Amino acid sequence: MTATEPTTETGVTVNLNGTEITASKGELLIDAAERNGVYIPRFCYHPRMKPVGMCRMCLVEVDTGRGPGLQPSCMVPVSDGMTVDTESDVTKKAQDGILEFLLINHPLDCPVCDKGGECPLQDQTMAYGPGESRFVEEKRHFQKPIPISDIVYLDRERCILCDRCTRFASEVAGDPLIHFQSRGNQTEVNTFPDEPFSSYFSGNTVQICPVGALTAKPYRFKARPWDLTEIASTAVTDSVGARITVQSSRNQVLRYLGVDSDPVNWGWLSDKERFSFEVLNSEARITSPLVRGDGLGNPADDGEELVAASWPAALSKAAAALKGVAADRIGVMGGARMSNEAQYAWAKLAKSVLATDNVDAQLADGPAAEVMLGLPRATIDQACASGGTTLLIGADPKETHGSFFLRLRDAAANSGATLLEVNPRSTGCTPYASQHVHPAPGELASAVAAMLDVDGDDPIGAALRAAEAPVICFGSGSLAEAPDVVARAVTAIAAALPAATFLPLPHRGNIMGALDMGLAPGLLPGRRTLDSAAPGSWTAVPAGRGKDTMGMLHAAAEGELDVLILLGADPLSDVPDRGLVDRALNRVSHLIAVDCVINHTSSGADVVFPAAATATEIDGSFTNIEGRVSPVNQKVTPPGTARADWMIAAELAAQLGADLGFIDLDELWADLGVASPLHVDMTPASIAEAGTDGVVVSGSSIAAPVQADPGDLAYGDGLRLVVTRKMYDGGTMLANCPSLAGLAADPVAAVHPETLAGTGFDDGTLVRLSSSVGDLELRLAADGGVPVGAVAVTANHGERDAGVLIDSSLSVTTVTLNEVIA
């Protein structure tokens, strides 16, 4: 947690243990002491939550002029002339007594407790507590442990009632699902019957629990703290780039812990980020190259399965598929899973060696690259500033950017920020928005026009105009609408509000790094366009812009694309229009995949290269939504013969008779510094030296394009379809994380109660949703957060995937409902 050093002019003078220190006005005594090298023991206090003074462990002698007295330092702000003694006999006796009380009912099971060896109660008992207990009576007993969710276990005997978990659930996550119950000696923390601790952020309570009362299923009994080694890295599950500590034992990752990065995640992680490491240890990991055929490079017959092969054989087969193919008949899709270095290597391979601009890290479910790069960028701190004004448009951070949601919620709920929302349906942020509107599909443009009308009385528009520097956070909106719908709205806002800054919320991990490195049609590294390439630069792409994901899929479906390279992408699960993907993959002659695990699409590839995992198995860097570059560091060795993604690009280039110009990361960064003016002074060493805060890359030579009016939108009769994402779905990563695999809720067809009444069906009726391209059977659910005349479903649920309904040729997909008779 970053603190501003006070000065004698701005602060107050405090006598701490005989030494005068300067503290900020209003600063809590416990923080001022720690900042000046004096640690006051505590259990309930946490710097990211409101103090409550529950445990009394932080009692110290304080004299403000009325004589010394014991006061909880977590509740007392400093004042000028205050005298504090943290080492007096009175203080020591009080701390000794508090620990003796806490140990009365605490079981002495340290040898079998997961917290043993990193337990604040253990440490503070040794440092400040009694040498022996006077308590000889029977301790209280509870059933132990009990699962309070699918991930978290509770041992009530160990709980010291510090209130950390309950405060986090209520204050930080907004999920008050765990509470104090009973009274007196039987007071306990627990959940209510039939209301499990089903929070997206429950793992944070395990990390901040000062004893072993809360433990996480993935780590229980796996290792002792002294068995673990650790390294700082960055979470790559979403595009926030939360800072983490990776801990491992015997070359196996066992735990992620959140790191308190003041400008990014404040130490919080979503459970998806925290427990996603399980996929790294999954049996589904690819440990050697796979080829279709006999593994020796011989031609494969139809129907032959993927078999293990040597690297030379796999590289030779991939190169053979690429040689002699016209550049415009090659496509590269994906790359957001990779590090910045790997993205640069693959962009250079595609646009230099293969000479194709058919490159897209986005999978038709995000705003246009030029819009994300061309608008003035906000930071997370600016979006979550106290007293600020933030508009969410087409984004649901609780489902897609968990740690950012916690920052945004804190700003709106606790810091006086004004949160506004324009989304296709209610979201996790709706309860905290002072104003919200949910336009039906096809009506976002008119809603934004009304909002920006200076002569109108729209409350959202009035709030934006009244703000000094509003921040606009934008995502992809409904996946069933044309992808440029949100882009048009955002550029209209930019034209009307010159003081506004923008924070893109793309769905995929390192998508901003991919765009910065040129993994998008028409772009070069450094946020430049192809037409700005200097003479002699490495790009070999001819004039004209390449195809994005939808363009490549349409070309493939028409037989105009011969080779498709997938960089950690799974179009069958990720691209909204499932039918188009099926048609495209059936026509592609050669499919080459680079990934950590086999997914729905790569299972049909001709060659699959095993890649090392970005967050834990390679050294590199990651760029988050605000352009902040932070390091990812290798902690364990990749399984089998898996290699770093950038190495695979370099070796494939060599197989094609080319040289990318680098054989290690230092040479790669030197090459990048020449190609990208934004990265010319950046090196792995400078990124590492920046610590947990990383380095913000700012500036862009790209101007956000003016979005043309699409005219009359094309859509058919019936209910308009809204498709959004959930944190837990049927994706490959979650399917291979045992602790997360079963958390996805069954998909339903949500409709407004007024719409439901008009259908004549009851809540819970099994219906068949039929669009112009497919059918899907789901149960109806009444939901007041869905626009009238629309039906909302969630994406990526395997056999019940909403993608079968989406027709990308229409601006808005519509469906009809028919009851399914058993």
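Ala, Val, Leu, Ile, Met, Phe, Trp, Tyr, Cys and Pro count here as nonpolar, Asp, Glu, Lys and Arg as charged, and the others, Gly among them, as polar.

## Basis of the report

This is a predicted model, in which local features need pLDDT of at least 70, side-chain atom pairs count only at pLDDT 80 or more, and totals for chains, interfaces and linings use all residues. Residues are numbered from 1 along each chain as its sequence is written, and side-chain values use heavy atoms, with hydrogens and water left out.

## Cavities

A cavity is a set of points, on a 1 Å grid over the protein atoms alone, where a 1.4 Å probe fits but cannot get out; lining residues have an atom within 4 Å of a point. Grid points are joined across faces, edges and corners, and a volume is the space filled by probe spheres set on the points. The structure has eight cavities of 30 Å³ or more.

The largest cavity holds about 990 Å³ of space. It is lined by 49 residues, of which V236, T237, R337, G568 and M733 are the closest to its centre. The lining comprises 19 nonpolar, 18 polar and twelve charged residues. Elements giving two or more residues to this lining are α11 (397–400), α18 (571–574) and α23 (732–735), and α23 provides the largest share, three residues. Helices (H or I, at least four residues) and strands (E, at least two) are DSSP runs, numbered from the N terminus.

The second largest cavity has a volume of about 100 Å³. Among its 16 lining residues, P424, L444, G477, E481 and V486 are the closest to its centre. Ten residues of this lining are nonpolar, five polar and one charged.

## Helices α13 and α15

The axes of α13 (residues 444–452) and α15 (residues 484–496) come within 9 Å and cross at roughly 10 degrees. Axes are lines fitted to C-alpha atoms, for helices over the stretch in contact, and angles run from 0 to 180 degrees between N-to-C directions. The two helices are therefore roughly parallel to each other, a term for angles under 35 degrees.

In the contact (heavy atoms within 4.5 Å), α13 contributes L444, V448, M451 and L452, while α15 contributes V485, V486, A489, A492, I493 and A496. These comprise ten nonpolar, no polar and no charged residues.

## Salt bridges

A salt bridge is a side-chain nitrogen of Lys or Arg within 4 Å of a carboxyl oxygen of Asp or Glu; by this rule there are 36. One joins E157 and K144, with the closest N and O atoms 3.2 Å apart. E157 lies in the loop between β7 (152–154) and α4 (164–172) and K144 in the loop between α3 (120–128) and β6 (146–147), so the pair ties together parts 13 residues apart in sequence.

Technical notes
Parallel < 35°, antiparallel > 145°, perpendicular 65-115°, else oblique. 1 Å grid on protein atoms, 1.4 Å probe; cavity = no way out; pocket = protein on both sides within 12 Å on 5 of 7 lines; lining within 4 Å.
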